[in-house]
Amino acid sequence: MSADRWDPELVPDPAGRTQRPEPTCPVEVALAAVAGRWTTLLLRDLMAGPRSYGEIRAALPTLSDKVLADRLRDLQDRGLVERRVHPGFPQRTTYALTPAGALLRPLLVELYRTGQALQAALDAGRDGAGR
């Protein structure tokens, strides 16, 4: 694809002008950050501020302890969440977004909006097809 064929809004710079998925493509970076079952819900809940493990469990009661621990560890490994241990007895641990994790807010907002619009369009298409 020649440079003049790239949509400048979708691909404003050379980093996205790839012929295959590249880990350095900004779209791939953003998608990887929110990938994984339960990840968007964890990020959403942490957008409100630091939460203890118990607070997260209470907010997402159908999420198993194993998956929650795995997702939190994965988000830490990706540099999106930090685990903070607070002194005292009993020791208290909270999870909070890093500055990089906080950058995902506009993406999550737009994903939600796009999902709503897409669902409405798909529903309208199904309704119209059944007439």
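Q: What places serine 52 in a strand?
A: Serine 52 belongs to strand E1, which covers residues 51-52; helices (H or I, at least four residues) and strands (E, at least two) are DSSP runs numbered from the N terminus. The structure is a predicted model, in which local features need pLDDT of at least 70 and side-chain atom pairs count only at pLDDT 80 or more, while totals for chains, interfaces and linings use all residues. Residues are numbered from 1 along each chain as its sequence is written, and side-chain values use heavy atoms, with hydrogens and water left out.

Q: Why is serine 52 called buried?
A: The relative accessibility of serine 52 is 11%, and buried means under 20% relative accessible area, exposed over 50% and partly exposed in between (1.4 Å probe, protein chains only), so serine 52 counts as buried. Contact means heavy atoms within 4.5 Å, and, leaving aside neighbours within four places in sequence, serine 52 is in contact with Arg92, Thr93 and Thr94.

Q: Why does proline 106 count as exposed?
A: Proline 106, a residue of helix H6 (residues 105-129), has a relative accessible area of 54% and is therefore exposed. Its C-alpha lies 23 Å from that of proline 14, a residue 92 positions away in sequence.

Q: Why is leucine 72 called buried?
A: Leucine 72 has a relative accessibility of 2%, and therefore counts as buried. Leucine 72 lies in helix H4 and, with neighbours within four places left aside, is in contact with Tyr53, Ile56 and Tyr95. Leucine 72 and leucine 42 are 30 residues apart in sequence, yet their C-alpha atoms are 8.2 Å apart.

Q: What makes a set of residues a nonpolar core, and which members of the largest one touch the most others?
A: A nonpolar core is a set of buried Ala, Val, Leu, Ile, Met, Phe, Trp, Tyr and Cys residues joined through side-chain atoms within 4.5 Å. The largest one has 18 residues, of which Leu42, Leu43, Ile56 and Leu104 touch the most other members. Two or more residues of this core come from each of helix H1 (26-34), helix H2 (39-46), helix H4 (65-77) and strand E3 (92-97). Not counting residues up to four places away in sequence, leucine 43 touches Ala33, Val34, Leu75, Leu97, Leu104 and Leu108.

Q: How does the radius of gyration of the protein stand against the globule rule?
A: The radius is taken over C-alpha atoms, and the rule is 2.2 Å times the number of residues to the power 0.38. A compact globule of 131 residues would have a value near 14 Å, whereas the protein has 19 Å. The C-alpha trace spans about 60 × 45 × 25 Å along its principal axes, and 23% of the 131 residues count as buried.

Q: What is the order of the helices and strands?
A: The protein has six helices and three strands, and from the N terminus on they run α-α-β-α-α-β-β-α-α.

Q: What is the omega of the peptide bond that joins phenylalanine 89 and proline 90?
A: Omega is about -5°, and the bond between phenylalanine 89 and proline 90 is cis. Proline 90 is found in the loop between strand E2 (81-86) and E3.

Q: What is the phi of tryptophan 38?
A: Phi of tryptophan 38 is near 80°, a positive value in a residue other than glycine. Tryptophan 38 is found in the loop between H1 and H2.
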